[in-house]
Amino acid sequence: MPTTLLRAASALLLTLTALNTPTAYAGAAPVEVTVNARAALAGVPETGIGTNHAIWDTHLGSDETADLLKDAGVKLLRYPGGSYSDIYHWADHTAPGGYVAPDTDFDTFMRGVRRTGAQAMVTANYGTGTAEEAAAWVRHANVTKDYGITYWEIGNEIYGNGHYGAAWEADDHPDKSPAEYARHVVAYSDAMKAVDPDIKIGAVLTTPANWPDAIVAEGDAGSWNEVVLSAAGSKIDFVVLHWYPGALDRVGHVPDMIQLTREQIARNAGPDAGRIGIAMTEFNTGSSSNGTNTQPGALAAADSYATLLANGVFTVDWWNVHNGIGAVTEVEGHTDYGDFGLLSSAACTSDGSVCEPPLNTPFAPYHALRMTSAFARPGDQFVSAATDEPAVTAHAVRRPGGDLAVLLINTSSGTSHPVTIDYEGYTPAAGPPTVLTHTNGATSITTTTTGSATAQTLPPLSLTTLVLHPETPESGRPGAPGQPTASAVTATTATITWPRATAGSRPIAKYELHRRHGAVTEQLGETGGTSFTVDNLEPGTRYTVNVIARDSGGGLSWSSPPLTFTTTTPATGSCTARLSVQSDWASGYVGAIDITNNGAPVNGWTLTFSWPRSWQSLGSGWGGVWTEDGREVKVVNEPGAGTLATGASTSIGFVGNYSGPNVLPSVFKLNGAVCTSGPL
């Protein structure tokens with residue numbers, strides 16, 4: 001080739017290479033990642049990584065399927081499959097009105113469960129079954145076969161039985177109210193636990209901010225969750241949520257979603273409500289246009305699993321192992337088959353124009369589950385991690401023995417992000433860490449030893465896990481303090497108490513109380529005892545704290561489990577503001593605020609409050625002049641209606657919109673003074 005042509009070709013090749021090579025922000029500072037080992041979250045449960053099996057899946061019982069699930073670290077398998085649960089009769093393996101595939105009976109399912117090395121969760125037939133049928137299933141499973149199945153749900157998405165207008169769930173009961181469901185949950189629980197008192201019973205709840213959450217139907221005493229928990233709370237051991245967010249950017253909803261569920265349980269389920277766990281028995285990113293089975297869906301899956309488990313959910317169960325082809329699109333350079341399964345069904349479109357890859361080919365979310373199970377292992381403890389770049393998210397766990405693992409997710413399509421990692425309460429050993437990586441289109445997870453504990457580069461659309469060793473051995477350190485509790489909570493103070501930690505090789509010198517702000521913590525105080533009263537708190541504010549033991553040589557324990565509590569508003573004040581929800585339609589609500597002037601007469605008033613979350617906004621308001629500036633809301637009296645004598649009251653109302661968990665405003669100020677708030 002002539003030299004001039006060679007140079008031209010070389011220039012063209014360099015240009016094409018540059019156009020097709022992932023870029024990093026030229027000259028931009030690396031993404032800053034903070035990992036704080038002092039800010040502990042939930043422990044990693046044995047059953048954390050789960051998935052659903054369905055009786056219409058011909059390959060449910062195959063050894064190949066079980067082995068693939070085992071390799072992904074799946075520790076819980078749910079059966080018999082979503083809405084089929086409410087038409088399925090286990091004894092004769094039938095589902096009138098639905099398709100039952102060969103070799104999918106209960107004992108075949110359990111053979112696969114054991115080969116996988118997982119536990120089972122069984123959904124008893126509520127819609128067309130009976131308590132006696134469910135009790136017989138428990139007898140067959142745990143007495144006759146000695147399967148030792150702990151977790152049993154009562155029905156699937158029973159709120160979809162038409163009571164709120166939409167009907168997709170079979171329910172033959174003439175009364176389809178939450179009160180009737182709760183009555184039967186009690187009967188099922190009694191019958192099933194009479195056979196095996198060690199089983200745990202789960203009741204179906206609606207997921208906060210997901211239809212029909214918070215809706216009160218005609219004749220009901222409250223929302224579905226309120227009625228079910230009030231009537232059946234003493235008979236259940238866990239509650240069941242399902243979540244199909246439909247978008248890949250809603251992981252930030254999870255902490256409030258789980259916290260609101262806990263608050264509902266605490267308010268309605270009786271004095272021993274703290275024993276009730278939370279299970280996410282169906283989850284999928286639920287968005288074929290954004291990548292159901294390609295890399296964006298995988299990134300959202302890993303982020304969601306880690307966030308849900310870090311917030312104390314004891315199992316997250318992907319829908320489904322095999323599901324089938326849907327809308328076919330192109331996502332990030334790869335064919336997305338719109339398949340909600342982890343593994344290919346080898347299905348084709350109705351016209352035969354597009355077929356999935358061979359049976360049991362793993363889709364990208366399969367690798368996300370595999371990465372998550374390699375990152376967060378049963379017995380680990382999640383700790384806080386955060387970044388300063390929205391396109392990069394971080395999670396971290398401490399491991400028994402002192403190792404620490406960090407999961408980094410880069411959602412940028414064409415940008416490699418260099419990151420620097422700062423560690424609080426942990427000092428990693430020198431030298432390159434073990435690095436696990438999964439990139440866009442990859443068919444496996446690669447393992448290398450590269451970079452450092454404090455500096456890595458994340459490929460575009462990637463999952464990266466770093467496994468670190470401590471600089472010095474952790475042997476001889478104190479054990480972690482037990483679960484803290486809060487008492488005597490006021491607007492500005494709270495008393496925190498915790499079980500004493502076990503001493504290590506040196507005596508325990510003191511305990512430190514730390515408050516968490518994301519991945520940053522501040523020490524609120526220290527004491528030689530096991531109780532501490534915190535003051536200078538803000539009214540109506542949610543706090544999360546951990547307790548750490550320090551020994552006489554300065555050695556630190558792991559953090560206690562987290563405690564979350566919310567301060568009240570002042571017991572007395574110059575004003576009272578009571579918010580009540582008049583109606584709710586799961587994406588908005590009508591609120592009323594009753595304002596009372598407890599102080600000197602007022603000639604002209606202004607009420608102010610803030611939306612707790614960015615996904616909340618004002619629709620309209622009445623009873624005053626309403627304005628909104630970002631999350632700040634101000635209501636000024638209407639002309640000629642600003643006089644409030646001592647003891648006088650006025651009422652205003654509004655429509656509030658929300659697109660995520662609806663944490664209600666709780667702090668109201670009248671002419672700048674914080675009001676006493678009544679119950680929400």
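Entry 1: I count two strands as paired if DSSP finds at least two bridges between them. I keep in mind that I am reading a predicted model.

**Entry 2: a first pair.** With that rule in hand, I looked up strand S31, residues 616-622, and found that it pairs with S35 in the antiparallel sense over 6 bridges. For a landmark on this pair, I noted that serine 620 stands opposite valine 655 in S35.

**Entry 3: another partner of S35.** I then followed S35, residues 649-658, to strand S28, residues 588-597. The two run antiparallel and are joined by 9 bridges. Here my landmark is tyrosine 589, which stands opposite glycine 656 in S35. A reminder to myself: strands of a sheet pair through backbone hydrogen bonds, either parallel or antiparallel.

**Entry 4: the barrel.** Next I went looking for parallel pairing. I found 8 strands that close into a barrel, in the order S2-S3-S4-S5-S6-S7-S8-S9, with parallel pairing. On average, neighbouring strands of this sheet are turned by 30° against each other, direction ignored. I also checked what packs on the sheet: helix H9, residues 364-375, does so, touching strand S2 (49-52) and strand S9 (316-318). The direction of H9 makes about 150° with that of S2.

Entry 5: I picked out strand S5, residues 151-154, and strand S6, residues 200-204, which pair in the parallel sense over 3 bridges. Which residue in S6 is the bridge partner of tryptophan 152? I found isoleucine 201 there.

**Entry 6: cis peptide bonds.** The bond from tyrosine 79 to proline 80 is cis, with omega near 15°. Proline 80 sits in the loop between strand S3 (76-79) and helix H3 (106-116). The bond from tryptophan 319 to asparagine 320 is also cis, with omega near 20°. I located asparagine 320 in the loop between S9 and strand S10 (329-331).

**Entry 7: positive phi.** Asparagine 360 has a phi near 70°, a positive value in a residue other than glycine. This asparagine lies in the loop between strand S11 (334-336) and H9. Is asparagine 360 buried or exposed? Its relative accessible area is 4%, so I call asparagine 360 buried, as the cut-off is under 20%.

Leucine 461 has a positive phi too, near 45°. I placed leucine 461 in the loop between strand S18 (455-458) and strand S19 (462-468). At 4% relative accessibility, leucine 461 counts as buried.

Terms used:
Residues numbered from 1 in each chain as written. Predicted model: local features only at pLDDT ≥ 70, side-chain atom pairs only at ≥ 80, totals over all residues. Heavy atoms only, no water. Helix = DSSP H or I, 4+ residues; strand = E, 2+ residues; numbered from the N terminus. Axes fitted to C-alpha atoms, helices over the stretch in contact; angles between N-to-C directions. Contact = heavy atoms within 4.5 Å. Buried < 20%, exposed > 50% of the residue type's maximum accessible area, 1.4 Å probe, protein only.
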